[in-house]
Amino acid sequence: MKKVLEAAILLSALNLSGLTAALAQTTPAARPGTVVLLQAQAETFVDNDEARVSFFIQEQHADRAEAASQANKKTRETIERIKQADPGAEVRTTGYSTYPQYTNNGRTITAWQVRQEVMMTTKNLSQLEKTVARVQTVAAVSGVVFGLSREAQRKLDVQLFDMAFVDFRSRMAVVAKALGKTEKDVEIEEINLANAERPFLPRPPAVAMMARAAAGEVAESKFEPGDSRQSLSFTARIRVKP
C-alpha cells in the first residue's frame, strides 16, 4: 500500500511538472514598451429639426357610451386637422382610457371620463405654431418636445465618429511627445468601438400646456426649437516603443 501511494505522488509530481513546462512554452513573452489607455471624445451642438406635440382629448358624461362617442368624434377631428394643416406630419394615437367618477363616499358613479391621446411628429417647424393653434380648437396640448430626426441623427453619428478619431490621433501624439517619442513610435493595439458611448441627452420641452381647448379661434403660441448637445466617446489601447 505504501509503494502504491508513493507511486501516485510521484506520478502527480511528474504531471504537474509537465503542465508547468507546457504553460511556460505557450505563455508569450512580455512585449517591450509602455501601454497607454486612451479615451477619445467628440461633442457638438446641432439645431433641432423635429418636433413632437402631444395632444389629448378628454370628455365627461353621465353616460359612458356618450362620453366615449364625444371623445372619439373629437379624436377623429383632431387627426383630420393635423393632416390638413401639416400633410407631411406623422400622426398616431398613444393612449385611450375610460374611468368612472364617484360621489364623495366613493359608492356611486356620477359620470364617466374618456381620454384619448394623439402624438404628432413633424419636421415642418416653420408651420408648427399655426398647426398647433388650429388643433387646439378641438384638443388640448400636454407638451411640445424638440429634437433630431432619424435622418439627422444618422448623419450626426458619422460626423461624431470622424471628430472622435481626430481627437484620438491628437491624444496619441500628445502621449508620444510626453514620452520623448514620435507618432512613428506608437502602435495601436486595440480600438474598442463596441462600447462606444453616445450618452442619452433628454430633449427639453419647449413648452407644456395643460389648459382645456377653447371654443373658437386660438392665438398662436411661440416656439423656439433650440439645439441638442450630442457627444460620443470610445476607448483605445496604444503601445509606445522603448
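Student: Is Glu50 buried, partly exposed or exposed?

Tutor: This is a predicted model, in which local features need pLDDT of at least 70 and side-chain atom pairs count only at pLDDT 80 or more, while totals for chains, interfaces and linings use all residues. Residues are numbered from 1 along each chain as its sequence is written, and side-chain values use heavy atoms, with hydrogens and water left out. Buried means under 20% relative accessible area, exposed over 50%, and partly exposed in between, with a 1.4 Å probe and protein chains only. Because its relative accessible area is 11%, Glu50 is buried.

Student: Which residue forms a salt bridge with Glu50?

Tutor: A salt bridge is a side-chain nitrogen of Lys or Arg within 4 Å of a carboxyl oxygen of Asp or Glu. For Glu50 the closest N and O atoms of the pair are 3.9 Å apart, and the partner is partly exposed, with a relative accessible area of 36%. The residue that pairs with Glu50 is Arg52.

Student: How many residues apart are Glu43 and Arg229?

Tutor: These two side chains form a salt bridge, with the closest N and O atoms 2.8 Å apart. Helices (H or I, at least four residues) and strands (E, at least two) are DSSP runs, numbered from the N terminus. Glu43 lies in strand E1 (residues 34-47) and Arg229 in strand E8 (residues 227-240), so that the pair links distant parts of the chain, 186 residues apart.

Student: What are the buried residues of H4?

Tutor: Helix H4 (residues 150-178) has 29 residues and reaches 42 Å from its first C-alpha to its last, close to the 42 Å expected at 1.5 Å a residue, where the expected span is 1.5 Å times one less than the number of residues. An α-helix has 3.6 residues a turn, so residues three or four places apart point the same way. The buried residues of H4 are Gln153, Leu156, Leu160, Ala164, Phe168, Met172, Val175 and Ala176.
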